[in-house]
Every structure is written in C-alpha cells, then in structure tokens.
Amino acid sequence: MDYQFDFALVLQSLPVLMRGLLVTIELWIPSIVIGLAAGFFLALARLSDRAILRVPSLVYIELFRDTPVLIQLIWFFYAFPIVIGVQLSPFTAALLGLSLNTSAYCAEIYRGGIQSIARGQWEGARALGMRRSKILQRIILPQVFKRMLPAFTNRAIEVAKMSSLASVISVHELMYQGRLLSSTYYRPLEILTTVAVIYFILIYPGTWLSARLERRLAAKA
C-alpha cells in the first residue's frame with residue numbers, strides 16, 4: 001500500500017475535533033439525566049394498576065424501543081416541527097430524540113429492578129399501613145438501586161455512542177466534525193481513526209466502571 005500518512009494534519013485539526021467533542025458531551029449528559037428522571041415516572045406508570053396510566057406508558061416505551069434511533073432523530077428534526085408549528089434546531093431535535101429514547105430504556109430498567117423484589121415485601125409493608133410512595137422510598141428503591149447500577153452504566157455508554165447519529169441532522173458534534181474534516185482534506189484514514197480514538201477515550205472509563213460494578217455486586221450476592 002503506497003499511502004503517505006499525514007498525522008500532522010490531525011494535530012492541526014484537534015481544536016475543531018475538541019469543539020465537536022464538547023457538543024457531544026453537551027448532548028450526552030442531558031440525555032442521560034432527562035432519560036433517568038423521565039424513565040422513573042414512566043416505570044411507575046407502567047406498573048400502575050390503572051389502565052389510563054399503564055397503557056399509554058406501555059405504548060410510549062414500546063414505540064421508542066422498537067424503532068431505530070436514527071429514524072427518531074430524523075423524525076424529530078423534519079416531521080415534529082410540522083406537528084407543533086415550530087422549527088427545532090438540530091441540537092434540540094437530537095436532544096429530544098435521545099432523551100425520549102433513553103427514558104424508554106431506563107423505564108424498563110427501573111421496572112425490572114422493582115419487580116425483582118419479592119412480593120412479600122410489598123405485602124408486609126402494606127400490612128403495616130405504609131403508602132405506595134413510602135414503600136418505594138424506604139424499602140424497594142434502596143434495595144434495587146445497586147442492582148440497576150450496571151444496567152444504567154451500560155445505558156449511558158450506549159447513549160454516548162448513539163450521539164454520533166446526530167451528525168446526520170447536522171449537529172456539530174464529534175462525528176460531524178470528523179466527517180467534515182475528512183471530506184475537506186481527503187484524509188479519512190487519519191481523521192476518522194482519531195475520531196474513533198477520542199470516542200474510545202470518552203467511553204472506556206464507563207465500560208471499565210460497569211465491569212467493576214458487576215464484579216463487586218456479583219461478589220456480594
């Protein structure tokens with residue numbers, strides 16, 4: 001292969017890639033926070049005895065879990081503005097799509113964790129006159145939080161990788177900047193390899209933490 005590598009160009013392009021990385025983080029962290037918060041309430045609705053809460057939450061969860069994230073991002077950027085009559089910025093559309101998708105997956109993590117607690121604990125607490133909210137707060141959630149941590153960590157990792165799809169709707173995140181630079185300078189090998197390395201450095205600590213948590217929880221089980 002007669003190819004002359006030019007990684008000096010990568011060094012010159014690092015400021016642009018770092019700006020893209022900052023946008024990636026600005027998209028990633030709020031998506032996780034919103035997804036965790038919304039997912040909790042979705043899970044409670046999903047577990048409710050009232051069909052008026054249970055059915056809509058089930059439809060919402062299955063809709064976002066069973067359709068591609070890329071389609072969701074494109075829909076929120078191109079189709080959703082027609083529904084609401086307001087044009088969304090690419091960043092807002094991407095944040096909305098990632099947050100809602102994340103909330104659906106987090107809802108299932110919460111639901112699985114809550115349902116893993118023996119039914120007898122619920123019944124015992126109710127026999128003592130405790131309300132559902134108090135049972136969750138004092139008995140259920142303290143037990144399931146540790147069980148859910150690895151799953152939430154894995155979800156955060158997935159969202160970090162999914163954020164690269166926002167480049168399709170022109171969000172100037174890391175992948176967008178990498179594609180722009182590679183097409184401008186015709187050096188996709190050097191630039192896209194650097195982009196992959198930056199993603200690895202960003203995501204690997206979460207992967208390592210998730211593995212550590214799983215080993216520690218398995219040892220305590």
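# Close-up views of a predicted helical model

**Figure 1. Where helix H1 meets helix H7.** On the H1 side of this contact you will find Leu9, Ser13, Val16, Leu17, Gly20, Leu21 and Thr24, and facing them in H7 are Leu174, Gln177, Gly178, Leu181 and Tyr185. Sorted by class, the residues of this contact are 7 nonpolar and 5 polar, with no charged ones. Please keep in mind, here and in every view below, that the model is predicted. H1 covers residues 8–46 and H7 covers residues 174–185; their axes lie 7 Å apart, and the two helices pack at an angle of about 150°. Angles over 145 degrees count as roughly antiparallel, and that is why H1 is described as roughly antiparallel to H7. The crossing of H1 past H7 is right-handed.

**Figure 2. The whole chain, for orientation.** Before moving on, take a step back. How many helices and strands does the chain have? There are 8 helices and 0 strands, giving the pattern α-α-α-α-α-α-α-α along the sequence. The C-alpha trace spans about 75 × 50 × 25 Å along its principal axes. The chain has 221 residues, and 40% of them count as buried. Take the contacts between residues at least 6 apart in sequence: 73% of these join residues at least 24 apart.

**Figure 3. Helix H2 crossing helix H4.** H2 is made of residues 51–65, and its axis comes within 8 Å of the axis of H4, at a crossing angle of roughly 115°. This crossing is left-handed. H2 brings Tyr60, Ile61, Phe64 and Arg65 to the contact, while H4 brings Leu100, Asn101, Ser103, Ala104, Tyr105, Ala107 and Glu108. In terms of class, this contact of H2 with H4 holds 7 nonpolar, 2 polar and 2 charged residues.

**Figure 4. A look at asparagine 101.** This residue belongs to helix H4. Is asparagine 101 buried or exposed? Its relative accessible area is 0%, so asparagine 101 is buried. Leaving out residues up to four places away in sequence, asparagine 101 touches Phe64, Val69, Gln72, Arg155 and Met162.

**Figure 5. Aromatic rings in pairs.** Searching the whole structure turns up 10 aromatic pairs. In one of them, the ring centres of phenylalanine 40 and tyrosine 110 are 5.4 Å apart with planes at 75°; planes over 60 degrees apart count as edge-to-face, so this pair does too. Which parts of the chain does the pair tie together? Phenylalanine 40 sits in helix H1 and tyrosine 110 in helix H4 (residues 90–115), so the pair links parts that are 70 residues apart in sequence. Both phenylalanine 40 and tyrosine 110 are buried.

Now turn to phenylalanine 77 and tyrosine 78: their ring centres are 4.8 Å apart and their planes are at 75°, so this pair is also edge-to-face. Phenylalanine 77 has 14% relative accessibility and therefore counts as buried, whereas tyrosine 78, at 53%, counts as exposed. Elsewhere, ring pairs join Tyr60, Phe64, Trp75, Phe76 and Phe80 into a cluster.

**Figure 6. Two serines in the loop between H6 and H7.** Helix H6 spans 132–162, and serine 163 is found in the loop between H6 and H7. With a relative accessible area of 0%, serine 163 is buried. Setting aside neighbours within four places in sequence, serine 163 is in contact with Thr24, Leu27, Leu98 and Glu173. Serine 170 is in the loop between H6 and H7 as well, but at 37% relative accessibility serine 170 counts as partly exposed. Look at the backbone of serine 170 too: its phi is near 70°, a positive value in a residue other than glycine.

Figure 7. The loop shown here runs between H7 and helix H8 (188–220), and tyrosine 186 lies in it. Tyrosine 186 is not a glycine, yet its phi is positive, at about 55°. Is tyrosine 186 buried or exposed? At 69% relative accessibility, tyrosine 186 counts as exposed.

Key:
Residues are numbered from 1 along each chain as its sequence is written. This is a predicted model: local features need pLDDT of at least 70, side-chain atom pairs count only at pLDDT 80 or more; totals for chains, interfaces and linings use all residues. Side-chain values use heavy atoms; hydrogens and water are left out. Axes are lines fitted to C-alpha atoms, for helices over the stretch in contact, and angles run from 0 to 180 degrees between N-to-C directions. Helices (H or I, at least four residues) and strands (E, at least two) are DSSP runs, numbered from the N terminus. Angles under 35 degrees count as roughly parallel, over 145 as roughly antiparallel, 65 to 115 as roughly perpendicular and the rest as oblique. A crossing is left-handed if the near helix is turned anticlockwise from the far one by less than a right angle, and right-handed if clockwise. Contact means heavy atoms within 4.5 Å. Ala, Val, Leu, Ile, Met, Phe, Trp, Tyr, Cys and Pro count as nonpolar, Asp, Glu, Lys and Arg as charged, and the others, Gly among them, as polar. Rings of Phe, Tyr and Trp (its six-membered ring) pair if their centres lie within 6.5 Å; planes under 30 degrees apart count as stacked, over 60 as edge-to-face and the rest as tilted. Buried means under 20% relative accessible area, exposed over 50%, partly exposed in between (1.4 Å probe, protein chains only).
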